[in-house]
Every structure is written in C-alpha cells, then in structure tokens.
Amino acid sequence: MAEAGLAPYAVSDANSRGRRLVEEAPTARGEFQRDRDRIVHSTAFRRLEYKTQVFVNHEGDLFRTRLTHSIEVAQITRSVARALSLNEDLAEAVALAHDLGHTPFGHAGQDALNDCMKPFGGFEHNLQSLRTIDLLEERYAAFDGLNLMYETREGVLKHCSRTHALALGDLGQRFLEGRQPSLEGQLANVCDEIAYNNHDVDDGLRSGLIQPEQLDDVELFAVERRAVLARHPGLAGRRLVHETIRRMINRMAVDLIQTTTERIEANGIATLDDVHRAPPLVAYSDALKAPLRELKRFLRENLYRHYQVLRMTNKARRIIRDLFDAFLAEPALLPPQYQARAREDKARAIADYIAGMTDRYAMKEHRRLFAVGEIH
Ligand code: MG
C-alpha cells in the first residue's frame, strides 16, 4: 500500500526490498531518511569537499567541488521527486551518494585509474560508489559499509558492464534482464546532468575560460538570457549569468516533470513493478533533446577541452599513474589497512586507496613518494 502522499508506483518502506542485513526499523524517521543520514555521516561524503568536479579543488574557492555538486544534484532531484509524488528521501539519498566512488581529479582521474586497472578488471566510478557504501566504509559494529536499502544501492549503480553485473547477484540482475531501476533512481541520474550542465556553464564563465559571447549560439542559454534582458534591460555581469542559469535549470526540471508525467500515464504505470518492466520513464521532451546536445557539445569543446583544463587533467593522470605503479611494484608502501586488503587482491586494494584520496591528498602522497630532496 502506498504511503501518505506517495504515488502508488513510488518506492516506500512497505514495498522496498529492504537491507541486506536486517535491522530494527528506525523509530522517528523512515528507512530512506536513515539511508540519507548514513550517507551524510560517511567519511567518503566528507571527502567530496576536496575532490575536483571540473576545476582542481585549490584553483578557486567559488568553483563547484564534488560536494557542492552532489548537494545541487540532491536539491534538483528532491524538487522533481516531490512534484512527481515520488519518494523524496530515496531520491535524495541516491543523489548524495552518486559520486562517493569518484577518484580525485574528476573524470581525468577516473579515466587514468581505469587505464591502470585494465588488466585487473577495470575501474568504474559507479561501481566504486556501490563498493564504498557496501564495503569500504568502516563505521558500524555489525557490518562493513553502510548496509543501505536495496533501492538506494540500485539507484547508485546506474551503469554496469555485463561482466560486473554477473558478479553482483540480484543487484546486477536488472542489467542482464534489461529492467529499469525505480523512478527515484532514474531521476537522480538525470538530475545529475541538469546540475552539471548548468553549473559548468557558471563555473566556466566565472573562471574566464568561457566568454559570454561564445554562448550566443547556444540556444538554451541565449533564449533565457534574452528573456532576462527583456525583463531587466541593462542587467549585466554575475546577476545576468545567475538569472539566466536559474531559468535554464527551471526549464529543464519543468520539462522533465511534464514529460515524465506523460510517460507514466502513456505506459499505464500503476505499481513499482510496472516501473521496472517499462522503458525508461524519466525523460526530457523531444523538443529539449537537440538543444541539450548542443549545450553538452559546447561544454566539451570549450571547457572540458580548454587547454588550461587539459594541462590540469594531464598532470592529474600522471599523478594517478605514478601512484598506482609505485604501489603495484611495492605494496609494502601502502598504509597497513590497505596492505591487509592487498594480500587478497593487490590491484583492487590500490584502486580503493587511490579512489578514496582527495585531490590534495593525492598530490601530497605523490610528493612523499617521488619528490627528490624530501626524504622523510
Ligand atoms: Mg555527478
């Protein structure tokens, strides 16, 4: 039976598949509130503050980090979840946890670690987020990890290769059967994109790597900027940028709510099981798809591949590769808790250690291992 205010196809405490290890029900909060709270109190969550989104953490105090990114994703996800009468606590929990497995130095770090791990089964940050909440957090007396609800774990694992799916038991099963996660999980995934597509424009402009005129031909930005100027003639600078971007976020979120509502209706969705069986239901309208592709292309060509960003990512790749090779050649250099893990699976233990590092910890570790004239 649906809980108060929730759509019948939303995930609830009652229709959830529960925790791997059964625990007593919480007293003054729901099961998914407890998940959200466990995530916020985790070590991996605090480390997000010092991990790169696009700009290396110490480059400026105003740019997004993985922590502020995750909070923005959670904000958008919750708003949309509430508008769709979905489980806001679950949606928020997935959004806050979605990047817990991310390496230092953003996507460059993830790609570098994946390269290092190619001979050992690869490295995927989604899978690492799951590994973090299932295994790596060491906080509770009775279990490793956070022992989160099935649907929170399912939402965090948004992609997965067939090989990994086969090894993941019931959580991997849906990839083999082509079944969809809950609407809350689908939502967190799409709202991740809404957050970064917008805040990367903001950070790009703030950093000066993108100039406002370059966005004249990017429809999503240009249309909203014209709307702002029609209402506030002469507005300029940061206020104009912010007014434009908040309208872009709103346009994407409202489109998502409307289109998803239509698709739920068109597919005759009445239960959570219908959601799993249906095609992906959380989607933008066709009208928004082309302008979104254009915005992504713009960011790729003008920000993510800007030479100053590439210099940073190039260096980051080298740091990750150096650390990995040094530990692989000499696992005795690992801190003791990782050495114990390394006796079971050397490469995976090294990947766990590196993925858990913040940007500045990775740079410090690199100096400790490689800086000539600094032997201590
Ligand atoms: Mg993200």
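Which residue forms a salt bridge with Glu-138? The partner is Arg-341, and the closest N and O atoms of the two lie 3.5 Å apart. A salt bridge here is a side-chain nitrogen of Lys or Arg within 4 Å of a carboxyl oxygen of Asp or Glu. Before we go further, a word on the model: it is predicted, so local features need pLDDT of at least 70 and side-chain atom pairs count only at pLDDT 80 or more, while totals for chains, interfaces and linings use all residues. Residues are numbered from 1 along each chain as its sequence is written, and side-chain values use heavy atoms, with hydrogens and water left out.

Let us start with the overall layout. The protein chain splits into domain 1 (31–309) and domain 2 (310–370), with bounds that come from an automatic or database domain assignment. Taken over C-alpha atoms, the centres of domain 1 and domain 2 are separated by 26 Å. Across the boundary, 36 residues of domain 1 are in contact with 25 residues of domain 2, where contact means heavy atoms within 4.5 Å. Together the two domains bury about 2,700 Å², and 64% of that area is on carbon and sulfur atoms. Buried area is the accessible area (1.4 Å probe) that two parts lose on being put together, summed over both. On the domain 1 side, Tyr-50, Phe-105 and Cys-116 supply 22% of the area buried against domain 2, more than any other three residues. The count of salt bridges between domain 1 and domain 2 is two.

Although Phe-105 is not a glycine, its phi is positive, about 65°. With 3% relative accessibility, Phe-105 counts as buried. The cut-offs are under 20% relative accessible area for buried, over 50% for exposed, and partly exposed in between (1.4 Å probe, protein chains only). Ser-85 also has a positive phi, near 55°, in a residue other than glycine. Ser-85 sits in the loop between α3 and α4 and is partly exposed, at 29% relative accessibility.

Now to the metal site. Four residues provide the protein donors of the magnesium ion: His-69 (NE2), His-98 (NE2), Asp-99 (OD) and Asp-192 (OD), lying 2.1 to 2.6 Å from the ion. Donors are N, O and S atoms within 2.8 Å of the metal (3.2 Å for Na, K and Ca); water is not among the atoms, so sites may look incomplete. Along the chain the donors follow the spacing H-x28-H-D-x92-D. His-69 lies in helix α3 (residues 66–83) and Asp-99 in the loop between α4 (88–97) and α5 (106–117), so this pair ties together parts that are 30 residues apart in sequence. His-69 is buried, with a relative accessible area of 1%, and Asp-99 is buried too, at 4% relative accessibility.

Helix α9 (residues 170–177) shows how a helix can present a buried side. Leu-171, Gly-172 and Arg-174 are buried in this helix. Seen down the axis of α9, the buried residues fall within an arc of 145°, so they line one face of the helix; the arc is that of the directions from the helix axis to the C-beta atoms. These buried residues pack against α6 (125–136), α7 (150–156) and α8 (162–167). After α9 comes Gly-178, whose phi is positive, near 65°.

Finally, back to charged pairs. A search of the whole structure finds 32 salt bridges. One of them joins Arg-64 and Glu-72, with the closest N and O atoms 3.0 Å apart; Arg-64 is buried at 15%, whereas Glu-72 is partly exposed at 24% relative accessibility. Another is formed by Glu-88 and Arg-78, whose closest N and O atoms are 3.2 Å apart. Salt bridges that share partners join Arg-29, Arg-36, Asp-37, Arg-78, Arg-82, Glu-88 and Glu-92 into one network.

Technical notes. Helices (H or I, at least four residues) and strands (E, at least two) are DSSP runs, numbered from the N terminus.
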